[in-house]
Amino acid sequence: MALGLGWKLHGDGKTMGPDDVVAPDERLSWGRTVGLGAQHVVAMFGATFVFPLVMGLNAQLAIMMSGIATICFLLIVNGKVPSYLGTSASFVGAVAAIRAQGGTSADVTGAILVAGVVLALVGVAIHFAGSAVLHKVLPPVVTGAVVMLIGFNLAPVVASIYWPQDQWVALLVMAFTIICAVAFKGFASRIAVFLALIFGYIISWLFDRMFGQITSFDAGAGKVTTHFRTNFDNLASQPWFGLPPTSTTGADGKEIVGIHAPSFSVAAILLVLPAVIALIAENTGHVKAVAEMTKSNLDPYMGRAIAADGIGTVIASSVGGSPTTTYAENIGVMAATRVYSTAAYYVAAVVAIIFGLSPKFGALVASVPGGVLGGITVVLYGMIGLLGAKIWKENGVDFGNPINLVPIAAGIIIGIGGVSLVFTSDFTLGGIALGTIVTIVAYHAARALAPTDLRERADAASGTMISLGEREGDYGDADGIDDLYQDRPGGPDLRRR
């Protein structure tokens with residue numbers, strides 16, 4: 001069917017041979033399809049509600065909007081690209097910078113909405129112009145650098161906000177995440193962050209009973225206080241079903257974020273726009289990975305997929321939700337099961353919407369202890385940065401060539417170090433935004449000024465972009481931390497995420 005809503009039954013719908021593959025336009029029996037959809041929910045779940053917490057947005061709303069965005073994505077690509085749109089990690093650094101400058105949640109979501117519009121327009125342009133234009137403007141050396149500086153720019157956030165809240169819980173959660181990712185095989189390794197979250201919750205609760213209150217930095221109060229690690233006071237009072245709450249102000253004057261209308265700030269928008277580059281890379285890699293696994297040519301749908309992700313981000317952020325991106329975790333589930341049916345993704349999206357309609361679930365997510373986030377973010381942020389190096393490696397970027405080395409080095413240091421360029425008392429460009437601009441502009445300027453032999457060396461060493469896990473082996477059954485949350489910076493991603 002035109003919208004990809006008609007699925008043929010694969011065989012008898014119950015059995016699969018050792019070499020059987022369920023195509024995107026096929027499905028198993030509805031009982032098995034629901035089971036597969038549940039697996040996709042588990043795969044996307046951890047990052048989709050961890051990243052909103054890290055960005056100071058409402059996780060319940062993010063879960064619900066991810067389901068809605070996924071349905072929109074599947075409709076736009078006509079069911080040809082099976083993917084789940086979870087929360088993107090690529091915006092975390094920019095959001096931290098916006099809040100550090102006194103920006104509100106409305107400023108954050110307004111900037112994300114504009115980024116979504118830009119991403120959608122880029123997707124439309126790629127759809128009509130072809131993907132070759134994308135690789136010319138954003139070659140692997142540039143894309144890898146932007147992804148790297150987005151991730152590593154977050155290091156001070158871990159050091160100053162999350163880790164100090166409970167250093168010993170953070171250390172244990174970090175160690176547990178690493179162990180899960182490398183010691184477990186298959187699906188368990190893919191949900192290492194989610195398992196670490198549960199582990200951290202249990203450890204925090206036990207420490208409260210064993211050692212009592214802790215005196216440390218309290219992110220909610222913005223200062224050092226004496227408090228319990230876990231706090232479930234708000235959980236019992238919340239109903240089981242209902243829309244996510246609207247944003248309010250607590251008795252302490254702090255914002256309690258929920259559904260809200262975005263507002264638009266030029267400074268915030270400029271900080272967020274570099275994340276669009278990471279999302280382009282994520283979506284490109286994911287579409288190519290799905291094409292390889294399904295043995296189909298999805299290049300005609302590349303632009304549609306990128307535009308659909310942008311539209312999903314616009315829809316989510318318009319009510320105060322989080323930015324979205326295609327998830328490598330769910331691609332991993334498909335690789336393990338060899339079931340690429342989009343019907344399973346519709347099931348996952350509906351389940352996510354149901355979760356998002358439970359305020360009690362939202363209260364539980366909001367009560368995640370700060371030390372737990374400290375242990376998780378120290379791994380996730382590093383992974384986002386290292387995905388940039390992964391792009392370089394897989395595309396054979398030659399840093400012996402000054403065209404690649406010199407401008408990229410400048411952009412990365414500016415982005416990671418938080419270097420600022422002050423224009424007026426009201427407008428400063430710095431960190432991720434300035435680093436991205438320098439990386440792109442300086443690279444193309446260096447390439448234009450370089451002698452022919454250096455340009456030819458650069459072209460010979462780096463072919464078509466293979467970004468964020470395009471290679472078939474990256475999505476095998478026994479993957480470890482290499483594929484987790486690639487959105488984010490994807491990524492990840494974000495991985496990404």
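1. Helix 4 passes helix 13 in a left-handed crossing, left-handed meaning that the near helix is turned anticlockwise from the far one by less than a right angle. Helix 4 (residues 105-129) and helix 13 (residues 302-317) have axes 7 Å apart and pack at an angle of about 160°, which makes helix 4 roughly antiparallel to helix 13 (angles over 145 degrees count as such).

2. This is a predicted model, in which local features need pLDDT of at least 70 and side-chain atom pairs count only at pLDDT 80 or more, while totals for chains, interfaces and linings use all residues. Residues are numbered from 1 along each chain as its sequence is written, and side-chain values use heavy atoms, with hydrogens and water left out.

3. The count of salt bridges (a side-chain nitrogen of Lys or Arg within 4 Å of a carboxyl oxygen of Asp or Glu) comes to two. One joins Glu394 and Lys390 at 3.1 Å, N to O; both residues are buried, that is, under 20% relative accessible area. Because they are four residues apart in helix 17 (residues 370-394), Glu394 and Lys390 are separated by about one helical turn.

4. Asp398 forms a salt bridge with Arg457, with the closest N and O atoms 3.4 Å apart. Asp398 lies in the loop between helix 17 and helix 18 (402-417) and Arg457 in helix 20 (residues 452-461), so the pair ties together parts that are 59 residues apart in sequence.

Definitions and conventions. Axes fitted to C-alpha atoms, helices over the stretch in contact; angles between N-to-C directions. Helix = DSSP H or I, 4+ residues; strand = E, 2+ residues; numbered from the N terminus. Parallel < 35°, antiparallel > 145°, perpendicular 65-115°, else oblique. Buried < 20%, exposed > 50% of the residue type's maximum accessible area, 1.4 Å probe, protein only.
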